[in-house]
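Subject: Structure handover and notes

Hello,

Please find the structure below, followed by notes on what was found in it. The notes go from the whole chain to single residues.

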Amino acid sequence: MKITNTLAPQKKNSPSLCKIRIEKSCSYAKALLLLFAISLSFSLYANPKREFRGAWIQCVNGQFQGMPTKKMQETLTHQLNELKKDGCNAIIFQVRPECDALYPSKIEPWSRFLSGQQGVPPKQYWDPLKWMIDECHKRGMELHAWINPYRAKTKTTKQLATNHIAILHPERVFSYDGQLILNPAIKENREYIYQVVRDIVERYDIDGLHMDDYFYPYPAAGQTIPDDKFFRMNNNGILDKNDWRRDNVNVFVQEVGKVIHEIKPWVKFGISPFGIYRNKKSDPKNGSNTNGTQNYDDLYADILLWVNNGWIDYCVPQIYWQIGHPAADYKELIHWWNKYSGKRPLYIGEDIERTVKYTDPKNNSRHQMDAKMSLHKQLSNVKGTVLWYAKAAVDNVGNYGTLLRQKYWNHPALHPSMPFLSSKSPKKVKKLKTMFIDNDYVLFWTPVEGKDWETAPAKYVVYAFKKGEKININSASNIVAITTDNFLKLNYRDGKSKYTFIVTALNRIDNESKAKKKSIKL
């Protein structure tokens, strides 16, 4: 069966055309109230003002390996343009897959996933991280630099550069299932990664520093982590080896957050763990009704400790399975994370290809995107989505990209608030004025400079309201632009239509100023 999910008018449960069946005994007044309530719920469903809308762009799959600079820039430009149309407001870009770099580094070698050979720079020299930051910011998107902290060599890498950490310090790595892993038990390895993080945060205008689920390696049959010696030598008074491994990672995660925020307090530290924290059979009280690999027990990643202690700024569990999966049901897991991981913004990692592969349990004529997005909106702690992976959205697999731009992300959105980083905002802009410039009708405003990053304007939001329309900037439906410019070209027609335009300023974490408004005829 070919699974489709179109926006045809006859589509069941379409918000704009939903039919209300009202029993004959229901009064007209009750019917109106019901219609109003449903209309309101659809409005909130479709137009949240704050929502993280991210996409992962990975390099470790080899999609850019050996690609000429111009071709890679053209490919990324196309992806960013399409993701912008889809409504994305953040890109998570992989820049360190195996203790290497997709940027010029004095610490680690160039990545083979860029040039084709580790340690060799691109032939047409460029800095992909700097280029991506500039391109994302031009489009009003955040750029989060994605690093894999401990993985020193993937299975497919055959040759390491002479300045690679595993060559310089072989005693600090261990081999596991064809990979090389920086031993989390060794303090010098933690210090080494802090140095890498510090270098990225100091030199680049990133908005976030992101890690995924690779801490201790995923369990492999017949493989043993060779850390007995380190446990005997320096167990920090911890008697259980599993607790000791978790403590090694806990110390690291807590310190990374400190390193980032000491340099740039606005840079967000996010982690994307595997989708299962613990199964009920391991933790009958707090585990999920699942049966799979566990963060806590198998990867030694106590993600809830990091969330509840505020060591990270956002959490993106990779709930890549379908609704109804026998061992890891998506519905079970999104409810679990919503319940237990609410002390920091919670974004859901979505597998596009798996979502469109499986049918909606309640309607087998369509795939599961609608059902999953409905769960997002029902759960109060879910504040956004990260798409795995970006290219699948760009390629519009299963009509996923079209649905994003026409239905789910069809209005711009600010990023979720992070008052634990700052609650301050810029001062409101001044002197809204319009003028014709080369036949373009342009709205200008004057920013008010701030004394620090919390009060300095970084972007602006422009809202537009028709004559007689209620002014409400709490809904995204009236946002016409989020821009780094202090001007916006307007769609002038005949000068007879009255509008109220409102401009607000945002700081680096999207805290919003008070509004400045102006009546304009278009």
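How many helices and strands are there in the protein chain? The protein chain has 15 helices and 20 strands; helices (H or I, at least four residues) and strands (E, at least two) are DSSP runs, numbered from the N terminus. The radius of gyration of the chain is 25 Å, close to the 24 Å that the globule rule gives for 522 residues, so the chain is as compact as a globular protein of that length. That radius is taken over C-alpha atoms, and the globule rule is 2.2 Å times the number of residues to the power 0.38.

Two points on how to read the rest. This is a predicted model, in which local features need pLDDT of at least 70 and side-chain atom pairs count only at pLDDT 80 or more, while totals for chains, interfaces and linings use all residues. Residues are numbered from 1 along each chain as its sequence is written, and side-chain values use heavy atoms, with hydrogens and water left out.

Whole chain

The C-alpha atoms fill a box of roughly 80 × 60 × 45 Å, taken along the principal axes. Of the 522 residues, 55% count as buried, where buried means under 20% relative accessible area, exposed over 50%, and partly exposed in between (1.4 Å probe, protein chains only). The accessible surface comes to about 23,700 Å², and carbon and sulfur atoms hold 50% of it; the areas come from the Shrake-Rupley method with a 1.4 Å probe, and for residues only the protein chains shown count as cover. Among contacts (heavy atoms within 4.5 Å) with a separation of 6 or more, 72% are between residues 24 or more positions apart.

The buried ones are Pro128, Leu129, Trp131, Met132, Ile133, Glu135, Cys136 and His137. Their cover includes strand 1 (52-57), helix 2 (69-86), strand 2 (90-96), helix 3 (112-115), strand 3 (142-147) and helix 6 (187-203). At the N-terminal end, aspartate 127 caps helix 4, with a side-chain oxygen 3.2 Å from the backbone nitrogen of leucine 129. After helix 4 comes glycine 140, with a positive phi near 75°.

Helix 15 (residues 400-408) is also mostly covered, with 7 of its 9 residues buried. These are Tyr400, Gly401, Thr402, Leu403, Leu404, Lys407 and Tyr408.

Is isoleucine 206 buried or exposed? Isoleucine 206 is buried, at a relative accessible area of 0%, and is found in the loop between helix 6 and strand 7 (208-211). Not counting residues up to four places away in sequence, isoleucine 206 touches Leu129, Ile133, Leu143, Ala145, Ile200, Val201, Trp266, Val267 and Arg508.

Arginine 508 is placed in the loop between strand 19 and strand 20 (516-521), and counts as buried at 19% relative accessibility. Its side chain makes a polar contact of 2.8 Å with the side chain of aspartate 205 and another of 2.9 Å with that of aspartate 207. A polar contact is a pair of N or O atoms within 3.5 Å; within protein, one must be able to donate a hydrogen and the other to accept it, and residues adjacent in sequence count only if both atoms are side-chain atoms. Other residues in contact with arginine 508 include His137, Glu142, Trp266, Trp453 and Ala458.

Strands

Two strands pair if DSSP finds at least two bridges between them. Strand 16 (residues 459-466) has 7 of its 8 residues buried. Strand 16 pairs antiparallel with strand 19 (residues 498-506) over 8 bridges, where alanine 464 has phenylalanine 501 as its bridge partner.

An open sheet of 3 strands has the order 14-15-18, with antiparallel pairing. Strand 14 (430-437) and strand 18 (487-490) stand at its edges with a single partner strand each, so one side of each is left without a neighbour in the sheet.

Strand 11 (residues 359-360) and strand 12 (residues 363-367) run antiparallel, joined by 2 bridges, and form a hairpin with 2 residues between them.

Regards
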